[in-house]
Amino acid sequence: MRIGLIAHDNCKGALLEWCAWNVPVLRKHDLYATGTTGTIIEHETRLKINRLLSGPKGGDQQIGAMIATGKLDALFFFWDPETPQPHDPDVKALLRLATLWNIPTACNVATADMVISSPLFEGDYQPVKPEFVDRDIVVDEEGHVVID
């Protein structure tokens, strides 16, 4: 499995502790993490982490692109609901993509525990991916866009 790991500053400790607890399982997977989060997890747990940019500098968008192109299978994103984030639109876009593409997503320790302990996590589970139908976009005589 290809797994994304992201945590806002106030949640990095919780994600690090969760990863340390789950090293035996996580070690079997390809792990991707944003900036500082990836550095901390790799240093503290010795897990191999493919580090991306920091979240506010484009890391969230890199993870989103991986989801949209089918290169990420699960997301553990411990986000801070109490602290305003300067890159809040990126956070919302990332969660939207994970939902749109039906990627298992955990935003807190309880959900992360449920996901990683599921028999489906280590199995051959393939989530249903949406099928998007290409539509023709036509402009009528009055200049209105019509989706056919």
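Good morning. I begin with the second largest pocket, whose lining divides into 6 nonpolar, 3 polar and 3 charged residues. Please keep in mind throughout that this is a predicted model.

Which residues line the second largest pocket? They are Met1, His29, Asp73, Pro104, Leu120, Phe121, Glu122, Gly123, Asp124, Tyr125, Gln126 and Pro127. The volume of this pocket is about 180 Å³. A word on how such spaces are found: rolling a probe the size of a water molecule over the atoms shows where empty space is left.

Let me now turn to the protein as a whole. It has 7 helices and 7 strands. Read from the N terminus on, the elements run β-α-α-β-α-β-α-β-α-β-α-α-β-β. The protein has 148 residues, of which 38% count as buried. If we take contacts between residues at least 6 apart in sequence, 65% of them join residues at least 24 apart.

In what order do the strands of the open sheet stand? The order is 3-2-1-4-5, with 5 strands and parallel pairing. Strand 3, residues 49–52, and strand 5 stand at the edges with a single partner strand each, so one side of each has no neighbour in the sheet.

We can follow the pairing through the sheet. Strand 2, residues 30–34, runs parallel to strand 1 and is joined to it by 4 bridges. Within this pair, Arg2 has Asp30 of strand 2 as its bridge partner. Strand 1, residues 2–7, also pairs with strand 4 in the parallel sense, over 5 bridges. Here Leu5 stands opposite Phe76 of strand 4. Strand 4 in turn pairs with strand 5, residues 105–106, again in the parallel sense, over 2 bridges. Phe76 has Ala106 as its bridge partner in strand 5.

Are its residues, 74–78, mostly covered or mostly uncovered? The strand is mostly covered, with 5 of its 5 residues buried. In a regular strand the side chains alternate between the two faces of the sheet. In strand 4, Ala74, Phe76 and Phe78 point one way, while Leu75 and Phe77 point the other way, and all are buried.

I come now to the helices. Helix 1, residues 12–21, lies across strand 1 and strand 4 and runs at about 145° to strand 1. In helix 3, residues 35–45, the buried residues are Gly35, Thr37, Gly38, Ile41 and Thr45. What covers these buried residues of helix 3? The cover includes strand 1, helix 1, helix 2 (23–26), strand 2 and strand 3.

Arg46 follows helix 3 and is placed in the loop between helix 3 and strand 3. Although Arg46 is not a glycine, its phi is positive, at about 65°. Is Arg46 buried or exposed? Its relative accessibility is 64%, and the cut-off for exposed is over 50%, so Arg46 counts as exposed.

Asn102 also is not a glycine, and its phi is positive, at about 60°. Its place is in the loop between helix 5 (88–100) and strand 5. With a relative accessibility of 34%, Asn102 counts as partly exposed.

Thank you for your attention.

Notes:
Residues are numbered from 1 along each chain as its sequence is written. This is a predicted model: local features need pLDDT of at least 70, side-chain atom pairs count only at pLDDT 80 or more; totals for chains, interfaces and linings use all residues. Side-chain values use heavy atoms; hydrogens and water are left out. Buried means under 20% relative accessible area, exposed over 50%, partly exposed in between (1.4 Å probe, protein chains only). Two strands pair if DSSP finds at least two bridges between them. On a 1 Å grid over the protein atoms alone, a cavity is a set of points where a 1.4 Å probe fits but cannot get out, and a pocket is an open set with protein on both sides within 12 Å along at least five of seven lines; lining residues have an atom within 4 Å of a point. Grid points are joined across faces, edges and corners, and a volume is the space filled by probe spheres set on the points. Ala, Val, Leu, Ile, Met, Phe, Trp, Tyr, Cys and Pro count as nonpolar, Asp, Glu, Lys and Arg as charged, and the others, Gly among them, as polar. Contact means heavy atoms within 4.5 Å. Axes are lines fitted to C-alpha atoms, for helices over the stretch in contact, and angles run from 0 to 180 degrees between N-to-C directions.
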